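Biologist: Could you walk me through this one? I'd like to start with some strand pairing and then move on to other topics.

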There are 2 protein chains.
Amino acid sequence: MPMDYRQSGVDIDAGNDTVRRIKSLARGTFTPGVLSEIGSFGGLFKLDRDRYQEPVLVSSADGVGTKLKVAFMTGRHDTVGADLVNHCVNDILVQGAEPLFFLDYLATGRLSPAVAEQVIAGVARACRENGCALIGGETAEMPGFYADGEYDIAGFIVGVVDRPKLIDGHAIVPGDALIGLPSSGLHTNGYSLARRVCFDAAGWQPDTTVPELGTTVGEALLATHRSYLPVVRPLLARGDGAGVLKGLAHITGGGITENLPRILPDGCAAEIDRGAWSVPALFRLLQQHGGIATDEMFRAFNMGIGMIVACATRDADRVIADLARAGEPGATRIGRVISGNRDVTYINTP
Amino acid sequence: MPMDYRQSGVDIDAGNDTVRRIKSLARGTFTPGVLSEIGSFGGLFKLDRDRYQEPVLVSSADGVGTKLKVAFMTGRHDTVGADLVNHCVNDILVQGAEPLFFLDYLATGRLSPAVAEQVIAGVARACRENGCALIGGETAEMPGFYADGEYDIAGFIVGVVDRPKLIDGHAIVPGDALIGLPSSGLHTNGYSLARRVCFDAAGWQPDTTVPELGTTVGEALLATHRSYLPVVRPLLARGDGAGVLKGLAHITGGGITENLPRILPDGCAAEIDRGAWSVPALFRLLQQHGGIATDEMFRAFNMGIGMIVACATRDADRVIADLARAGEPGATRIGRVISGNRDVTYINTP
């Protein structure tokens, strides 16, 4: 019995169909730097060398984690791509970088060009919104790796910052203010725990409407990880990068507890006032239905704070006002830098 | 019953242990451009702007596909990382780019810091060999996504080429020579079919020694995807990039049949002489035990040719001699460019 590639579970034609669909989506994201079409071996991006004294490329790789399971449960595949892009954009934004280009990796057991197109449509939409070109990627059909209808995605971003404007937290000192920017939901972390609470402990379904959430559980869990670029970019553009904005922390896996210390220099720690902001309903419900300890909540989830800005106390009001002018009215002081060993202390735990 | 993150299958401590192990492996790959440690939000790489008139960043995303299943079967996890890096290096080399930095994505159901360390050790080794800095990555523990002991990996590379030295195939004309460089095995494609042939049709085990292969099936299938950078770099360094080397095609998924056309300009096609090189034993055994049609073989596998160089006929002997001097004695003419519609015609099929 003669064998071929298709029998072994790999459909090159489906792969080519997918690439064709992706090509036009990607083309819609192209910025003037892009020199290549999707389908060439490498993506080509011309760096405008004269714009930078000392160009520093800032890159990050991320996934969406088990938030994907919520996409599988609801059959909605057009949002996780945006989660991926925005997560990456925020990861380089915290060092002062603006995005240049993005590549994605999509792996599945049996490739559905239609689902792949939805996923990449989400990637492309967020790339356009962030002014970031989608210039390449890999779509892999891997029989036996993923359950039917499931897939994994990873994203890779490259941005640039001129070295004098690089933000790395080195100037942070005890006494500095910590300003929190609201998250749009769970973003992309804590989903393994959140799904257990929602679908096992609370007994909800994705289409269960929960009054406190004002929407269905599925919608609440799929809320897109927001990009902070639109509201932070005006502050960077003014040259506040290395001066006023001393450090930015993206609150991802590990929560405030593990992410805020990543920007603290030796001799510094953070004191966060848990009473300074109102924790959104979704987190309160998760804690209540899961009986989860408060410290565990702050390690597993962002608790309503997706990004933290460190600045001198004298600049705090101005930064909050500038963020409001840029479209983020919800920025608020949530704590301060204290002397210590790069950890987080919480006060006013309700 | 109070819930926590660990019960839901995510072990933040295992994650932190893994990051600690990876950090020192990554540090061993650092080149002078690296400004950051692993663990910062983004990886920082300073581009030496004065080395380039018009720096073009060349990037690629890749996976290893179901070659990973062979790693799982044999318990050998230190080679697939090198496959990943070398695959990426070749994908940007074909456009004349030298690698700058690399990021990896490692996703697993239940994170074993020891296995992750082996995988990343392979990544780091190949990064060092290619002069490419491992400056970031993501390790994701995703319960319910991957079978026990299994994982997926993806890699992202960024390199640079000065625009006048960019290789893109545009100068290829009918009459040009096509030179093949030997592969080191299946590289990273065709594994879903190859595993079915070896383990189902032929009834072999990973530790079965096959005389024609001179080794075990597991070893033969795990042979590392080679990097062509060491043998091609000397030709690029001489400035042959845009002149003598008109086009380079990396023969990956889709084989010669689908990859060679990617560098052909309109009006050109390729004629490949199947009698010009000796197809290695592994491919012959796969064809024989699987009863696979020859055309299917050339679409599923690289058939012993991992990279193809297009150059003017008058330069062919010189390119072959230069490749030999650079350490690749096996380069040989395998065909020519003809007039046509960007496809591949095979002659002398045995």
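Biologist: How many bridges join S10(A) to strand S13 of chain A, and do they run parallel or antiparallel?
Modeller: In this predicted model, where local features need pLDDT of at least 70, side-chain atom pairs count only at pLDDT 80 or more, and totals for chains, interfaces and linings use all residues, side-chain values use heavy atoms, with hydrogens and water left out. Residues are numbered from 1 along each chain as its sequence is written, while chains are lettered from A and ligands numbered from 1 in the order in which they are written. As for the pairing, S10(A) and strand S13 (residues 344-347) of chain A run parallel and are joined by four bridges, where strands are DSSP runs of E of at least two residues, numbered from the N terminus, and two strands pair if DSSP finds at least two bridges between them.

Biologist: Which residue is the bridge partner of A:Glu271 there?
Modeller: A:Glu271 has A:Thr345 in S13(A) as its bridge partner.

Biologist: And which way does S10(A) run against strand S12 of chain A?
Modeller: S10(A) and strand S12 (residues 332-339) of chain A run antiparallel, joined by five bridges, and A:Ala269 has A:Ile338 as its partner in S12(A).

Biologist: How many residues of strand S10 of chain A are buried?
Modeller: Six of the six residues of strand S10 (residues 268-273) are buried, buried meaning under 20% relative accessible area with a 1.4 Å probe, protein chains only. A:Cys268, A:Ala270 and A:Ile272 point one way from the strand, and A:Ala269, A:Glu271 and A:Asp273 point the other way.

Biologist: Switching to the interface, how many residues does each chain bring to the contact?
Modeller: Chain A and chain B bring 90 residues each to the contact, with contact meaning heavy atoms within 4.5 Å.

Biologist: How many salt bridges does the rule find across that interface?
Modeller: The rule finds four between chain B and chain A, a salt bridge being a side-chain nitrogen of Lys or Arg within 4 Å of a carboxyl oxygen of Asp or Glu. One of them links A:Lys46 to B:Glu54, whose closest N and O atoms are 3.8 Å apart.

Biologist: What stands opposite A:Lys46 in S2(B)?
Modeller: B:Val56 stands opposite A:Lys46 in S2(B), and strand S1 (residues 43-46) of chain A pairs with S2(B) in the antiparallel sense over four bridges.

Biologist: Last one, why does B:Asp83 count as buried?
Modeller: B:Asp83 counts as buried because its relative accessibility is 0%. Leaving aside neighbours within four places in sequence, B:Asp83 is in contact with residues including B:Lys67, B:Thr188 and B:His225.

Terms used. Buried means under 20% relative accessible area, exposed over 50%, partly exposed in between (1.4 Å probe, protein chains only).
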